Amino acid sequence: MQTARRYQPDAIIQRLPSTLANQIAAGEVVERPASIVKELVENALDAGASRIEVQIRQGGLEAIRVSDDGYGIRPDELELAVSPHATSKIASLADLENIASLGFRGEALASIGSVARLTIESRVGEAGSGWRLSLNGREAPPELTPAAHPVGTSVSVSELFYNTPARRRFLRTERTEYRYIEDMLKRLALSRFEVGFTLIHNQREIFRLPPATQPAQRARRVERLCGKAFYRQAWALDFAQEGLRLSGWLGGPQAARAQADLQYVYVNGRSVRDKLINHALRQAYQPRLYPGRHPAWVLYLELDPLKLDVNVHPTKHEVRFHEARRIHDFLAHAVNEALERASPAADAAPAPAAGTRAKGDDFYTPAEGNIPASWQIREAAAHGSPIPAGPEAGEPHEAAGDRNIVAALEGGYLVVAEEDGLLLVNGRAVRRAQLAEQLADTAPLPARPLLIPQTLALSADAVQWLEQQEAWLASRGFDLAALSETAVRVRQIPVLAAQTELSAMLPEFIAAARAGEPLAGALARAISDHQTWNAAEQQALVRDALRWQAQAQPARYWTRWDGRMLQGLFAG
Amino acid sequence: MSRSAYTTPPDSEQALLERARAIAGQRFAELAEQLGEPVPAEQRHAKGWIGQLLERALGASAASLPEPDFQQLGVELKSLPLNANGLPRESTYVCTVPMNETNQLRWERSWLRLKLQRVLWIPIEADPRLPLAQRCIGNALLWSPSPGQEAMLRDDWEELMELVCLGRWEELSARHGRYLQIRPKAAHSRVLTEAHDSEGNLCRILPRGFYLRTDFTRQILEQHYAG
């Protein structure tokens with residue numbers, strides 16, 4: 001029970017301190033890490049960014065950084081941006097519009113700055129250098145210092161809600177907060193195809209979506225974000241009628257999901273979760289679905305903005321249509337027709353007609369005019385898709401200095417493409433040299449057990465010889481034991497022998513060593529001849545080859561053909 | 001070299017590892033012969049048979065559910081079926097999901113955490129193209145989660161248990177949890193268990209289990225074995 005506060009007639013109404021006022025206001029905007037990311041990414045989009053990178057740590061609870069290549073913010077506007085009285089400094093309506101177009105809304109940054117530590121780095125194109133503005137709590141004045149930054153803006157937020165523990169307690173686990181962020185970014189990425197989005201969580205790249213201006217690139221983005229399963233059986237749709245247009249992709253009923261987690265709807269480019277829209281869409285799907293299943297869709301509704309109230313509630317993603325019933329009818333009709341066309345014989349003959357399969361470039365283009373008045377239903381590119389499963393998912397991360405290895409030939413030769421020629425590396429020779437060095441050293445070598453111990457059949461002589469070498473082999477990390485007179489079981493190997501075909505390697509090693517070759521050298525040769533290398537190991541081999549052999553002659557580890565030599569190889 | 005099953009459980013982790021080492025590299029046909037067990041012709045029932053065979057070969061105590069397989073040592077036995085590429089073939093069952101009495105549940109005292117405190121992993125070949133008798137038993141690994149791994153599991157557990165407590169069963173999908181997931185236990189699809197739905201009413205649903213995703217077990221393999 002609370003004690004009732006006694007009425008004091010002479011108490012005067014006090015203005016809330018600005019700190020508190022901001023924190024209260026921030027509650028509307030800054031509910032959780034995802035809402036911060038949303039504000040910052042929207043700011044970046046307003047600033048005309050063509051690439052946006054979002055880096056978060058621990059679901060955004062620890063740190064958030066949003067970088068863009070947009071217009072940037074001028075140093076004098078930086079301070080204004082985070083000022084708690086941003087609006088009071090704006091002299092006229094014209095100023096306000098200017099600021100909005102410069103890519104930040106004063107409120108959002110000020111709100112974030114009131115509940116977290118905030119740093120903004122920015123550089124405007126024509127300005128010679130970048131500036132950094134740090135805000136450490138509301139009481140301390142913002143600090144403005146020069147900073148190196150490419151054109152664009154980076155906003156870093158850390159220690160979210162450090163000064164409002166009550167709100168901090170409402171946050172869920174890192175994983176939950178992370179999923180809010182991922183979902184929100186997916187929503188944005190599906191509406192702004194022309195902008196590249198990257199999401200990095202705990203230094204792990206979750207996705208990197210290049211700007212998608214071509215239809216095939218857009219299709220690939222949908223596949224990447226909504227999954228292959230959706231994309232393979234989705235139908236592209238584009239329908240317009242009396243000033244309304246619905247386009248996008250509909251998931252077939254057979255791919256309905258156990259939860260309604262793949263339903264993206266945009267009204268005039270804005271992501272919404274609207275009851276009326278969902279009701280209409282579900283109604284169209286309903287006769288085709290099993291109870292409890294939820295269809296998947298990515299849909300864009302466009303209509304005259306005057307017929308729409310957005311922002312009924314700033315955080316609820318709801319919209320209000322002036323002609324609600326007409327919109328409902330339009331949606332239900334459009335989707336129903338599309339589903340009927342998409343699967344006219346779905347029950348009888350599910351195999352799609354091969355001849356009518358669409359190419360990737362038939363995909364919907366959000367900003368294009370010339371909407372055909374008729375239905376256009378196409379199956380989204382299915383198997384045999386012209387869109388390569390491609391580098392999108394994990395674009396090759398090329399570490400600095402990596403060579404362009406275009407092939408690994410039989411025999412361990414690595415072919416490296418260079419500007420005007422070819423470099424050929426004798427991978428096995430390099431590997432042999434690496435191994436000989438490590439094996440000759442007398443320090444114990446790191447070793448690991450094999451997942452499944454391997455049993456090898458050998459000659460009786462070989463088994464006997466191996467038993468005599470047990471001490472040396474053990475010092476090199478091997479654990480092997482004779483099972484019988486003609487069989488040994490290998491349990492453990494040195495790490496440097498990983499990915500080696502043991503059944504070929506061991507007999508060769510034994511033969512060479514028994515023929516008198518020094519043990520380390522024989523083992524190095526046997527391993528290098530029967531090992532497979534991953535991409536990083538191949539790069540290391542090329543690096544060592546170039547390091548160990550300075551000149552082209554004698555060609556021990558590499559040889560090279562430059563443009564002139566290549567020319568000389570051919571007649572005429 | 002015939003041998004009968006151990007009648008007493010191992011009295012130390014060292015003794016347990018010795019026993020595991022003795023069978024590593026053997027084919028199921030060999031081990032079954034030593035223990036006097038026929039190899040089942042039907043591979044469909046292989047899973048249960050493999051589990052029991054390994055328990056006998058290592059001398060695990062009786063499989064009363066809430067107790068660890070090696071009760072005195074507090075060690076849980078888990079076989080880890082591998083595909084042809086040496087990667088975990090399927091997610092690994094850990095324990096059932098508590099359906100009721102979920103209030104006051106803490107990670108520190110959770111059954112899941114207890115079950116994963118100390119595990120003897122035994123990789124086994126499980127490429128379906130290989131006949132059961134021909135498949136080999138792998139090198140055992142006595143394992144405890146690192147603090148980082150435990151933190152990841154705890155994160156998932158908290159997230160999943162929140163949905164469980166709120167009765168949001170229909171939302172619980174394979175999508176939730178990065179390393180841990182909740183799935184219906186497929187074995188008896190007719191047996192329903194009592195739980196609460198999202199309105200707080202009593203309902204009957206399929207029993208669910210906690211499973212470790214292959215992402216997690218793959219990491220363990222990568223950290224401890226030669227590729």
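A:Arg547 counts as exposed, because its relative accessibility is 60%. Exposed means over 50% relative accessible area, buried means under 20%, and partly exposed lies in between (1.4 Å probe, protein chains only). The model is predicted, so local features need pLDDT of at least 70 and side-chain atom pairs count only at pLDDT 80 or more, while totals for chains, interfaces and linings use all residues. Residues are numbered from 1 along each chain as its sequence is written, chains are lettered from A and ligands numbered from 1 in the order in which they are written, and side-chain values use heavy atoms, with hydrogens and water left out.

The side chain of A:Arg547 meets that of A:Asp544 in a salt bridge, at 2.5 Å from N to O. A salt bridge is a side-chain nitrogen of Lys or Arg within 4 Å of a carboxyl oxygen of Asp or Glu. A:Asp544 counts as buried, at 10% relative accessibility. The two residues are three apart in helix 17 (residues 535-548) of chain A, so about one helical turn separates A:Arg547 from A:Asp544. Helices (H or I, at least four residues) and strands (E, at least two) are DSSP runs, numbered from the N terminus.

Over all chains, the rule gives 29 salt bridges. One of them joins the side chains of A:Glu302 and A:Arg245, at 4.0 Å from N to O. This pair links distant parts of the chain. A:Glu302 lies in strand 13 (residues 297-302) of chain A, A:Arg245 lies in strand 10 (residues 244-251) of chain A, and the two are 57 residues apart. A:Glu302 is partly exposed, with a relative accessible area of 26%. A:Arg245 is buried, with 5%. Elsewhere in chain A, salt bridges link A:Arg65, A:Glu121 and A:Arg132 in a network.

Chain B has six helices and eight strands. From the N terminus on, its elements run α-α-α-β-β-α-β-β-α-β-β-β-β-α. Of the 227 residues in chain B, 44% are buried. Contact means heavy atoms within 4.5 Å. Among contacts in chain B between residues at least 6 apart in sequence, 66% join residues at least 24 apart. In helix 6 of chain B, B:Asp215 and B:Arg218 are three residues apart, so they are separated by about one helical turn. Their side chains meet in a salt bridge, at 3.4 Å from N to O. B:Asp215 is partly exposed, at 33% relative accessible area, and B:Arg218 is partly exposed, at 31%.

The interface comes next. Here 32 residues of chain B are in contact with 23 residues of chain A. The two chains bury about 2400 Å² between them, 46% of it on carbon and sulfur atoms. Buried area is the accessible area (1.4 Å probe) that two parts lose on being put together, summed over both. Two salt bridges cross the interface of chain B and chain A. The side chains of A:Arg179 and B:Glu159 meet in a salt bridge, at 2.5 Å from N to O. Strand 3 (119-125), helix 5 (147-165) and helix 6 (214-224) of chain B each supply at least two residues of the side that touches chain A. Helix 5 of chain B gives the largest share, five residues. By class, this side of chain B has nine nonpolar, ten polar and 13 charged residues. Ala, Val, Leu, Ile, Met, Phe, Trp, Tyr, Cys and Pro count as nonpolar, Asp, Glu, Lys and Arg as charged, and the others, Gly among them, as polar.

B:Gln26 lies in the loop between helix 1 (13-23) and helix 2 (28-35) of chain B. At 4% relative accessibility, B:Gln26 counts as buried.

The structure holds 13 aromatic pairs over all chains. In A:Trp465 and A:Phe509, the ring centres are 5.7 Å apart and the planes stand at 70°, so the pair is edge-to-face. Rings of Phe, Tyr and Trp (its six-membered ring) pair if their centres lie within 6.5 Å; planes under 30 degrees apart count as stacked, over 60 as edge-to-face and the rest as tilted. Both A:Trp465 and A:Phe509 are buried. In chain B, ring pairs link B:Trp121, B:Trp143, B:Tyr179 and B:Phe216 into a cluster.
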